[in-house]
Amino acid sequence: MSKEFSVADAYGSGRAIFMGLELLVAPGALVPRPETELLGTTALGVLHQMNLPAPRIVDMCCGTGNLACAIAHHIPAARVWASDLTDGCVDVARRNAAHHGMADRVSVLQGDLFDALSGLGLDRTIDVIVCNPPYISEKRLEGDRAHLVELEPREAFAAGPYGLSIHMRVVKDAPLYLRPGGILLFEVGLGQDRQVMGLLERSKQYENIRAVSNEAGEGRVVLGQARAQA
């Protein structure tokens, strides 16, 4: 990006660009970050490899719905379910789906992680789950990352003592929704790639686990493939 990323500018204009898509933003939901485009493009690559006629995707911790809308935009046959906990995120994500004429393909649901999807008949039918969860430790939010919560909601960043509390819960519950061979993709914080790969490995429910690095060589996306159920 030629212009330095600014949360204040995005909130001031009510707009942000993500993967070539103009999105509505509002206080109460995290402004989409340029670095999250790596998660989006990796997910698109996985979906193109799958070459499915009508892929089914979940955007967990959807925020503004940036990943859900970008994936639906780039793959017009995709059906997406997006989920977040807070009123602010759900409201702006629904507005973004409507803004891009995707409300029939992008369903925005409210709840605590996968609780939002229960009862919809999605069990073991999802091809790809993308998740950009909170991943800053509580200690860092009170220290060198305190500036993050000056404008944006704390719940968009806070993730327990090690910054991995949401990753841990999603790793555990995602296999209930992924079809065998379906793929879970995470954004991770700097230096968290090995830890999150370890979570996937220890769960024994994933294979073909790997990290994807950005242009600086930093692992910022981790993915694993759901094993066939025994």
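Helix H6 passes helix H7 in a right-handed crossing, where right-handed means that the near helix is turned clockwise from the far one by less than a right angle. This is a predicted model, in which local features need pLDDT of at least 70 and side-chain atom pairs count only at pLDDT 80 or more, while totals for chains, interfaces and linings use all residues. Residues are numbered from 1 along each chain as its sequence is written, and side-chain values use heavy atoms, with hydrogens and water left out. Here is a short tour, starting with those helices.

**Helix packing**
- H6 covers residues 165-173 and H7 covers residues 193-203; helices here are DSSP runs of H or I with at least four residues, strands are E runs of at least two, and both are numbered from the N terminus.
- The two helices pack at an angle of about 30°, with their axes 10 Å apart; axes are lines fitted to C-alpha atoms over the stretch in contact, and angles run from 0 to 180 degrees between N-to-C directions.
- That angle makes H6 roughly parallel to H7, a label for angles under 35 degrees.
- From H6, His167, Met168 and Val171 meet Val196, Leu199, Leu200 and Ser203 of H7, where contact means heavy atoms within 4.5 Å.

**Strand S7 and its partners**
- Strand S7 (residues 178-187) has eight of its 10 residues buried, so it is largely enclosed by the rest of the structure; buried means under 20% relative accessible area, exposed over 50%, and partly exposed in between, with a 1.4 Å probe and protein chains only.
- Strand S6 (residues 126-131) runs parallel to S7 and is joined to it by five bridges; strands pair if DSSP finds at least two bridges between them.
- In this pairing, Cys131 stands opposite Phe186 of S7.
- Strand S9 (residues 219-226) runs antiparallel to S7, again with five bridges, and Leu184 stands opposite Gly224 in S9.

**Nonpolar cores**
- The largest nonpolar core has 36 residues, and Val106, Val128 and Leu185 have the most contacts inside it; such a core is a set of buried Ala, Val, Leu, Ile, Met, Phe, Trp, Tyr and Cys residues joined through side-chain atoms within 4.5 Å.
- Helix H2 (residues 37-50) supplies the largest share of this core, seven residues.
- Apart from this core lies another, of 31 residues, among them Cys61, Phe114, Leu122 and Leu200.
- Val106 touches Ala68, Ala72, Arg79, Val80 and Ala97, not counting residues up to four places away in sequence.

**An exposed glycine**
- Gly20 sits in the loop between strand S1 (15-18) and strand S2 (21-24).
- Gly20 counts as exposed, at 68% relative accessibility.
- Gly20 and Ala70 are 50 residues apart in sequence, with 8.2 Å between their C-alpha atoms.

Definitions and conventions
Angles under 35 degrees count as roughly parallel, over 145 as roughly antiparallel, 65 to 115 as roughly perpendicular and the rest as oblique.
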